[in-house]
Every structure is written in C-alpha cells, then in structure tokens.
Amino acid sequence: MSFPERTFVLDALRTETVGGVLLLLAAIAALVWANTPLSHGYEAVREFHVGPSALGLDLSVQHWAADGLLAIFFFVAGIELKREMVAGELRDPKAAALPVVAALCGMIAPALVYVAVNAAGDGSLGGWAVPTATDIAFALAVLAVIGTSLPSALRAFLLTLAVVDDLFAILIIAVFFTGDLDFAALGGAAAGLLLFWFLLRRGVRGWYVYVPLGVAVWGLMYNSGVHATIAGVAMGLMLRCTRREGEEQSPGERVEHRVRPLSAGFAVPMFALFSAGVAVSGDAMRDVFTQPETLGVVLGLVVGKTVGVFGGTWLTARFTRARLNEDLAWADLFAVATLAGIGFTVSLLIGELAFEGDARLTDEVKAAVLTGSLIAALLAAVLLKLRVRTYRAMVEAEERDEDMSGVPDVYEVDDPEHHRRLAEIYERKAAEHRRRAEEAGAARTRGDGPA
C-alpha cells in the first residue's frame, strides 16, 4: 500500500471500534466455518502442527494462536496497565480504588455463581475461572460504538477495570493452570526477562534486539510449563511509560503505538478464528442452559459480573471514603457493570485450559462463553443507549439559548435581563398568535376559511 493508505489502515487498527469489529467478524467466521460442510477443513487447519520440535514448539495452529499470538495481546495489555499505574487512573489511590475493587468483585462474584450452580447441579468445579475475565477489546468497542455522548470518565473507569481484570486473569492462569514446571526453562525465561529489563534501562534501542529476545523468552516460558502469555505481560510491564525531558512519547507509548495494529488487526482475530469455532446445534444450545458447567458460565458472565462490579463499587463508595467520579451516575456504572460480562478472549483461553483433554466439554464451554458474552453485550447496548438519550437531553438543555443572547440560558437564570428578553420574545409571539386568531375568526365569519 502507499504511505497514506498504510497510515490510514494502521490508525484505524489502533481504535477500539475497529479492533472489536475485527474480533467479532473473526468469531462469526469461525462459527460459520465450523457449522458448514467445510467444518472438516476447519478442524484440519486448526489441528495442523508446525514448528521446531527440537525446541519443544511443534504446536498446532490453534495452540500457536492461543499461546503465541495472544502473547502479543497481553504485551499490549501490560503496557496499558503500566501506563495506568504511572500516569493514569491507577496512579491516584483514591481514584483507582473504585475500579480496582470493581475488578476484584467482578471476578469473585462470577466464580461464586459458577461454583453455586455446579455444586447444586453436581457439575465440574474446574471451570470456576472461565466467567471471571472481561474482554478489553470487545467491551471498549461496544462502549465506543454505542456510548457516544457519555462522559469520558466512563471509558476511563471501564479501561482501568478491564486492565486490572486482565492482570488478575493472568495471575489465575499462572497459579491455577500451570502444569509441571521445568525449572531450567523457567530460569532461562527469568534470565531473558532480566536481560530485557537491563537493556531497557541502558537505553538500548532497536527492534532487531528486542524481538529475537522476546521470542526466546516466550519460547522458554512456554517450555517451562507456565502459560506463555505471562512472558508478554511481563515484558509490557517493564517498558517505561513516563516521558522524560525532550521526549514526545515514552518508550512504552511508542512501542504500543507500533504493536497495537498487529495485536488488534491480526493476533486477536486469529485467536478468535481458531478458538471460537464450535459446532452449534439445537442440542448444543439446549445444553448451554441445562448443563451445570455451561449454565454456570452464562450466569457468571451475565449475572455475576453485573452484581460483582456494581455491588462492589456501591459498597466501597458507601462504607469508605472512595467516591464515584462526579461526572458519572450510578445508572452509568450499572450499564458498564453489564458490559463487563463480555468475557470473550480470555474466557475462551481459560475454558481451553480448564477442560483440556475433554474436547466435548471444551466446545460446550466455548459456546457458553459466546452465549453469555452476546447476552451481556445486548443488555449493555440497551442500557447504554438509554444513558446516551439522557445525556443528549442534558446537553440540549445546557445549550438552549431561547433569548438568543449568545449565552446558554442555564447560565442566565439569575440575570434579570435574560428574563426581560424572554418576556419580550414571548409577548411578540403572543401578539402574532392573537393576530392570526383574529384573521382566522374573520375568515370563518365570511365563510371563506378552511372547512
């Protein structure tokens, strides 16, 4: 492509809206591909193995997408988290308290809902972590598309919540879904991360240094038994996200600007393409709402997330000194709490890890994740639309200038001249309507008026 075309495409891929649309299209393509006569081809591509077996990296395409490409997504998420910690909402403990508590409660409540449903239905408790994650790309894309005219503080709240949520999701993966550890490989990964940090601190620049090193760290992390996406978020957190004198962008901002199009335009859609392809039938959809494992996932995303995020935030504001941003209303927060139930990317990943070895249950849980995320997105879209109408009405009221003074009426309520100008306008209008009434009455009397 020409330079202007390339610039336009890359800038588009940096927006949450475009990234979310590509993620959605990839998921739809996977579902269509897996539910047509070409489904055998889908399975063949997904299970095709490629990679150097001598390095322990002879992986299927599906594993490359989940363990390799998704590490790029977590690398960008790590940079976002670092930026929030040093220059964003997480820098101020008082401002960060509510979204952080919301993220924690928004993970605990869905897990409890899942456990309760499966304990009552004699299901597997192994999937308790599946409904705990919120998908940053999808949630922000829905907010960007639907939530026009909403306060910017709402996006900041959701971003902080989602980033903290992702951090704890990564910890869950590291602690609960790590198999037998290879301490030699883990030590090599730790040494690689230390070298990565040292080079950053020394100011060494050049992608030809960091990309090979990052790939080596990722490979060692994968072979260690720890989920390889941990390498991505660890390297993202190491980047400096504060600007020094004379810098237009910090290293973290510069790297994120370059890598985000790769993450949003390729890595995450490819993960969705090779993870969301589940066979959907009448029986499968019935099972989603009848089996305890899948019902627990759906209720965890739709009910647990909403109750956890909203309830945790309200209780924290009620019993501590933390306060909701003055630009936000509790109705705004309830809509965002519902939106947090979109658990697409990380929930699919955890579902694969939680039920590894049981292909049937893994597909059913994926169907449950898709169903719960879709329900949460639709409910949030309705609630956000209602809030948009409210804020648009507020904006119209604040911008109304009936006396045509050039100053909105809301700022002239205590100005006597404002009311005199309005009185003159209304008197002129009243005189005009009286004149029209007299003319209409005279015309009716002569019989030449309207029937």
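Trainee: What is the relative accessible area of F334?
Mentor: F334 has 35%, so it is partly exposed. Buried means under 20% relative accessible area, exposed over 50%, and partly exposed in between, with a 1.4 Å probe and protein chains only. This is a predicted model, where local features need pLDDT of at least 70 and side-chain atom pairs 80 or more, while totals for chains, interfaces and linings use all residues. Residues are numbered from 1 along each chain as its sequence is written, and side-chain values use heavy atoms, without hydrogens and water.

Trainee: How many aromatic pairs are there?
Mentor: The count is nine. Rings of Phe, Tyr and Trp (its six-membered ring) pair if their centres lie within 6.5 Å; planes under 30 degrees apart are stacked, over 60 edge-to-face, the rest tilted. F310 and F334 make an edge-to-face pair, with 5.5 Å between centres and 85° between planes.

Trainee: Which helices hold F310 and F334?
Mentor: F310 is in α13 and F334 in α14 (residues 330-339), so their pair ties together parts 24 residues apart in sequence. Helices (H or I, at least four residues) are DSSP runs, numbered from the N terminus.

Trainee: Where does α13 bend?
Mentor: At G300, by about 40°. That is the angle between axes fitted to the seven residues ending there and the seven starting there.

Trainee: New topic. What is the phi of D122?
Mentor: It is positive, about 60°, although D122 is not a glycine. Most residues other than glycine have a negative phi.

Trainee: Is D122 buried or exposed?
Mentor: D122 is exposed, at 72% relative accessible area, and lies in the loop between α5 (93-121) and α6 (136-146).

Conventions:
Helices (H or I, at least four residues) and strands (E, at least two) are DSSP runs, numbered from the N terminus.
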